[in-house]
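Reader: Please walk me through this model, feature by feature. Give me the general idea before each case.

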Amino acid sequence: MSRRLAHILVAAAFAALVAVAFSRVNYAWNWSAVWEYRDKFIQGWLTTVALSLAALVASTAIGAVASVCLQSRNVLVEAVGRVYVELIRGTPLLVQLLIGFYVIANAVGLENRFVVGVLVLSLFSGAYMAEIFRGGLAAIPQTQRDSARAIGLTPWQSLRLVILPQAVRLVLPAVAGQLVSLVKDSSLLSVIAISEFTLNAQEVNAVTYSTLESFLPLAAGYLVLTLPLSALSRWLEGRFRYEA
Amino acid sequence: MLAISAFLALAASAATAAEPLRVGMELSYPPFEMTDPQGRPTGVSVRLAEALAKHLGRPLVIENIAFDGLIPALKTGRIDCIISSLTATPERSKSIAFSEPYLRTGLALLVGARSPVQSAADLDVKGRVIAVKKGTTGHRYATTALKQARTLVLDKENTAVLEVVQGKADAFIYDSLSVYQNQKRHADTTRAILEPFREETWAIGLRQGDEPLRGQVNEFLKAFRAAGGFERLGDEFLPEEKRAFRERGIPFYF
Amino acid sequence: MKLEIAELTQRFGATTVLDRLSLSTGDIQALVLVGPSGGGKSTLLRILAGLDVPVAGSVAFDGAALPRDEEALRRYRRTVGTVFQAYNLFPHLSALDNLLLPLVHVHGLSRQAALDRVREPLERFQLMPHASKRPAELSGGQKQRIAILRALVVQPQRIFLDEPTSALDPEMTAEVLEMIGELKALGTQLVLVTHEMGFARRVADEVAFIGEGRVLAHGAAGFMFDHCPEPRVRGFFDRIVA
């Protein structure tokens, strides 16, 4: 049996199980009401896409900078990196959002909730990225750096030509996983009233007194975002492998 | 769990073989649904639930569920009834059934100190920002009747209040009692417009078609009121508010 | 090359690895460093190759002293080649790209000029069929030979080799040693650390025995292997060559 066929069969079996569970629920389904509000779903989905993309880019940049700080020999620089990573990874995103928006952003007069939401989400994901990058860099054997020096490469050349290409291959799976988490974590931005996908779906539920019908399109909408990310990551891993 | 043991200790004569009465409420709405410092459910609705369970001769189980999840929980059978300061509305009646109402109140406004808003009508203007709690009648009112304004949908009462306090929203639409309490708490940054622009009644939520239970609940409410149960609840939990509302001539009575 | 080392000292933390080591060779082509593990051979080689800076002492090749600042050392490293025991090559590049990288990015050749330069050595050492493979697809011996080629094609003054065959099985060891022998025949200057005593004897002009952070004995190859009076050296050879 080919791998793709096996994937499809298992997914279908799982969908069947879920369908059975749905059919056994003591509940009066009302799908037409949800279809009426499809615009709200689409708007919410687009907002989630925008949030995720922005945070994707920002968190990768923040993570890269932070991982450099973590490797620095300057005591103060390393401390900034370490405190940032530990603080962010040690507190829930919900708490960071509430404090970030209602306390910190309020104090500095930053009103735009979309900006604050993306910022908090990026800082959150960036801390995890930093550790991923740091781990990737540390996994490269010292002899690689020695070889690069021995040929006479400058530190910058060595980073660009030798270290980073290898580090990227090493961290790709973990980064892809982090990006998928980011898309899902963006649903938490609803607590500061950002009209993203999950909140919009819940509003449709509330307005149509439907309660459950919105959750299927909700799950499907997220899968549309996360499955391509995972597939892209697997394809990139295949291209970058050391063996043919 | 603690509600069960407390109840069993009080009513030892209760039939232990009877099926538990599962009541759903969101324990974040003092003084109706809240927890005491030891973490046990308490409040007006909790007392009401206890009295109802005793009347029915069934052990009580209180399920703490987020407000907008109560109706789904009822419909899927996870709980038997909702006693959570739930407003009876025609729209909700399409999904669930209600008991006879047990409390009359209304929607009021918690307004930011620097906002020019004087009434609900003032909110239906482009540029106004309204905070609501997801799934409440305030949410419904804002989305259907106040379409010019921008509505912020928050999932918790305290963040909605924060939006008004910090001037990010002009007003928070919520029931008059909570508006009164929040305004007291944030006296410098908010004003309260307590005259309800929309009257509401609270009732116990039940599954459609569950006629036996509905009959029993209505019977219970009648008996409870006749025995002065509601008066006692008002005195125990809302003495100051009762007085304050009566002084202003604002409807708030069981 | 004429090598002059004076009072060379190297420390890592609290440990002294090279203890005022001194050595003065004749004008030779191939110097071999032998001795027990942990005696300081590799540490010495890294300093000679310009990779590490000693805490004290001096090194001079043909009268030119090794600099101590990183910038100057980098320029020095560009004029020599170094081959480590393993993991020399960059795994994300093909063997050919590994060869081209220093030529293009360090020595400023165009890609075409670099290709022209590596063609002949690749053919001479029968490595052309492997040029487009990645290191993961090469055997240990092939990888080491490519690494040696990479050191060779930059036309260095001399090549340093730190136990180039220690991680290889006997068959691959033989093919790598054969290549090093050819380098000697071509006239390339070599400084080699190795445990392969038979090969050392054939290829060395002079041998230095490094132990306890110092040069315990030093002389022409024949003398060192057959007539060295130093008991520690005699004992070492007896154990190994036996």
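Author: Start with strand pairing. Two strands pair if DSSP finds at least two bridges between them. Helices (H or I, at least four residues) and strands (E, at least two) are DSSP runs, numbered from the N terminus. Two ground rules come next. Residues are numbered from 1 along each chain as its sequence is written, while chains are lettered from A and ligands numbered from 1 in the order in which they are written. The model is predicted: local features need pLDDT of at least 70, side-chain atom pairs count only at pLDDT 80 or more, and totals for chains, interfaces and linings use all residues.

Reader: In which sense do β1 (residues 2-12) and β2 (residues 15-27) of chain C pair?

Author: Antiparallel, over seven bridges. F12(C) stands opposite T15(C) in β2(C). Two residues lie between the strands of this hairpin, and G13(C) takes a positive phi near 65°.

Reader: Now chain A. How many helices and strands are there in chain A?

Author: Chain A has 10 helices and zero strands. Its C-alpha atoms fill a box of roughly 70 × 60 × 25 Å along the principal axes. Burial is a count: a residue is buried if 20 or more other C-beta atoms, placed from the backbone, lie within 10 Å of its own, exposed if 12 or fewer, and partly exposed in between. By that count, 35% of the 244 residues of chain A are buried.

Reader: How do I read a helix pair?

Author: Two packed helices are described by the angle between their axes and the distance between the axes. Axes are lines fitted to C-alpha atoms, for helices over the stretch in contact, and angles run from 0 to 180 degrees between N-to-C directions. Take α8 (residues 155-185) and α10 (residues 215-240) of chain A: the axes come within 10 Å and cross at roughly 175°. Angles under 35 degrees count as roughly parallel, over 145 as roughly antiparallel, 65 to 115 as roughly perpendicular and the rest as oblique. α8(A) and α10(A) are therefore roughly antiparallel to each other.

Reader: Which residues in α8(A) and α10(A) meet?

Author: A contact needs C-beta atoms, placed from the backbone, within 7 Å. Among those on α8(A) are L172(A), A176(A) and V183(A); those on α10(A) include Y222(A), L229(A) and F240(A). For classes, Ala, Val, Leu, Ile, Met, Phe, Trp, Tyr, Cys and Pro count as nonpolar, Asp, Glu, Lys and Arg as charged, and the others, Gly among them, as polar. The contact of α8(A) with α10(A) has 11 nonpolar, three polar and three charged residues.

Reader: Of the two pairs of chains in contact, which share the most contacts?

Author: Chains A and C. Their contact takes 19 residues from chain C and 20 from chain A. On the chain C side, α2 (70-77) and α3 (95-105) give two or more residues. The largest share, three residues, comes from α3(C). That side divides into 10 nonpolar, four polar and five charged residues.

Reader: And how many residues of chain A are in contact with chain B?

Author: 17 residues of chain A, against 22 of chain B. α9(A) gives the most to the chain A side, with five residues. No contact joins chain B and chain C; their closest C-alpha atoms lie 50 Å apart.

Reader: Last, which domains does the assignment of chain C give?

Author: Such bounds come from an automatic or database domain assignment. Here they are domain 1 (27-51 + 69-80 + 157-242) and domain 2 (89-155). Their centres, taken over C-alpha atoms, are 24 Å apart.
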